[in-house]
Amino acid sequence: MVNTLPLRAGPAPSRHRISRRTVLAAGLSVAATGAPFVARGAERLVARMDLSPWGVQAAMQLAKQKGWFNEAGLDIEIQDGTGTISTLQLLGSGQVDVGQVQLGPMMVAKETLGNLMSFAGFVRTGDLAVMTDKKLNITKPSDLIGKKLICFTTSPWAPFIKPYFAANGISPEQVNIVMVAPAAVVATFSAGEGDGFLSVMPDSEPRVRKTRPVNSLLLQDAGIAFPSYGLVATKETLAKRREELRALAQIQKRAWTYIYAGHADEAVQAIIAQRPNAKLDAEVLKNQIDIYRPFFESPTQPKLEFGLQSDADWSNAIRSLQKIGLVKADRQPSDYYTNDLIK
């Protein structure tokens, strides 16, 4: 890790050196004002996503493409993921610095990986859904009895499958859940296999809209509700890399504000530019970003600034997961999140 950065190339006396804190503070000014600042060195952070690039990664990829991380003295490696749960496992074992993941599964993982904390929350309304072929006219959970549904083992759905069906009076034996590889869920359903699948609605509905339109049943409608995507790190990383994570959070706040101020098309092109070999569909990415906008609103505090998290939202999530036995009875909102880096 570089602790000091020279103002110019070559050897320099100590009075011409600035601290990492100064570089990152200047970078935070960039995030707020847009004024150019180019650091002569960068603090490296590994940020692991949930899956391969899609709309919820727009702010991360846009900031990378526009050079905002570099301006703030950050060198961000954005890794594609293989599911929220696998990213949480990598976080807990110290193999990555930051995870952009679903926060409900983080709450469950915290029972065994107690050092996880959310330091910025962007998608604050639950977005997990059971999506079924529209031709089947499935409009309520009881219609799922006897149906074949596709999922994957590291899906954010994984901890909530049995509780969801139990909440709707359905036993596990009454529904056929088939596990496939993460990248194969949508492809398998689109090819005509199964009656439906379990996934993130704003991600998957646009992907299958043209080939096999769906009806969606949201998990939160069964009373299992929690915030969705945010930035997560361990408590140790939050303590050791505080200024870098603060810069990251502020830049993500800036990027989402910019995107939803009429620049979604630019964000789409940034995602495609960052992953030129991924054969991404610009129309699908744009639809994902557009569909997500209402999910960014806090259920308890409308118009809450991007990135900020709410005690009321987290209290509701704790009560929801306590009812189904996935979190301990003594949990408090402060166990799961901090706003210190996003304010």
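Which element gives the most to the lining of the largest pocket? Helix α12 does, with 5 residues. The model is predicted.

**Pockets**

The largest pocket holds about 320 Å³ of space. Its lining has 17 residues, and P206, R207, D281, V284 and Q288 are the closest to the centre. Two elements, α8 and α12, each give two or more residues to this lining. By class, the lining of the largest pocket splits into 8 nonpolar, 4 polar and 5 charged residues.

The second largest pocket holds about 270 Å³. It is lined by 15 residues. Nearest its centre lie L51, S52, P182, A183 and R207. Here the elements that give two or more residues are α7 (185–190) and α8. Helix α7 gives the most, with 4 residues.

**Cavities**

How many cavities of 30 Å³ or more does the structure hold? There are 3. About 70 Å³ of space lies in the largest cavity. Its lining includes D50, L51, G83, T84, F152, S155 and P156. L198, S199, V200, D203 and Y229 also line the largest cavity. Strand β10 (residues 196–200) supplies the largest share of that lining, 3 residues. By class, the lining has 6 nonpolar, 4 polar and 2 charged residues.

| Space | Volume | Lining by class |
|---|---|---|
| Largest pocket | about 320 Å³ | 8 nonpolar, 4 polar, 5 charged |
| Largest cavity | about 70 Å³ | 6 nonpolar, 4 polar, 2 charged |

**Helix α8 with helix α12**

Two packed helices are described by the angle between their axes and the distance between the axes. The axes of α8 (residues 201–208) and α12 (residues 282–292) come within 8 Å and cross at roughly 140°. Therefore α8 is oblique to α12. The crossing is right-handed. On the α8 side, M201, P202, D203, E205, P206 and R207 make the contact. They meet V284, N287, Q288, I291 and Y292 in α12. The contact residues divide into 6 nonpolar, 2 polar and 3 charged.

Several of these names return from the spaces above.

**Helix α2 with helix α10**

How far apart are the axes of α2 (residues 58–66) and α10 (residues 242–259)? They lie 9 Å apart, and the helices pack at an angle of about 100°. That angle falls between 65 and 115 degrees, so α2 is roughly perpendicular to α10. From α2, the contact takes in A58, A59, M60, L62, A63 and K66. From α10 come L248, I251, Q252, A255, W256, Y258 and I259. By class, the residues of this contact divide into 11 nonpolar, 1 polar and 1 charged.

Terms used. Residues are numbered from 1 along each chain as its sequence is written. This is a predicted model: local features need pLDDT of at least 70, side-chain atom pairs count only at pLDDT 80 or more; totals for chains, interfaces and linings use all residues. Side-chain values use heavy atoms; hydrogens and water are left out. Axes are lines fitted to C-alpha atoms, for helices over the stretch in contact, and angles run from 0 to 180 degrees between N-to-C directions. Angles under 35 degrees count as roughly parallel, over 145 as roughly antiparallel, 65 to 115 as roughly perpendicular and the rest as oblique. Contact means heavy atoms within 4.5 Å. Ala, Val, Leu, Ile, Met, Phe, Trp, Tyr, Cys and Pro count as nonpolar, Asp, Glu, Lys and Arg as charged, and the others, Gly among them, as polar. A crossing is left-handed if the near helix is turned anticlockwise from the far one by less than a right angle, and right-handed if clockwise. On a 1 Å grid over the protein atoms alone, a cavity is a set of points where a 1.4 Å probe fits but cannot get out, and a pocket is an open set with protein on both sides within 12 Å along at least five of seven lines; lining residues have an atom within 4 Å of a point. Grid points are joined across faces, edges and corners, and a volume is the space filled by probe spheres set on the points.
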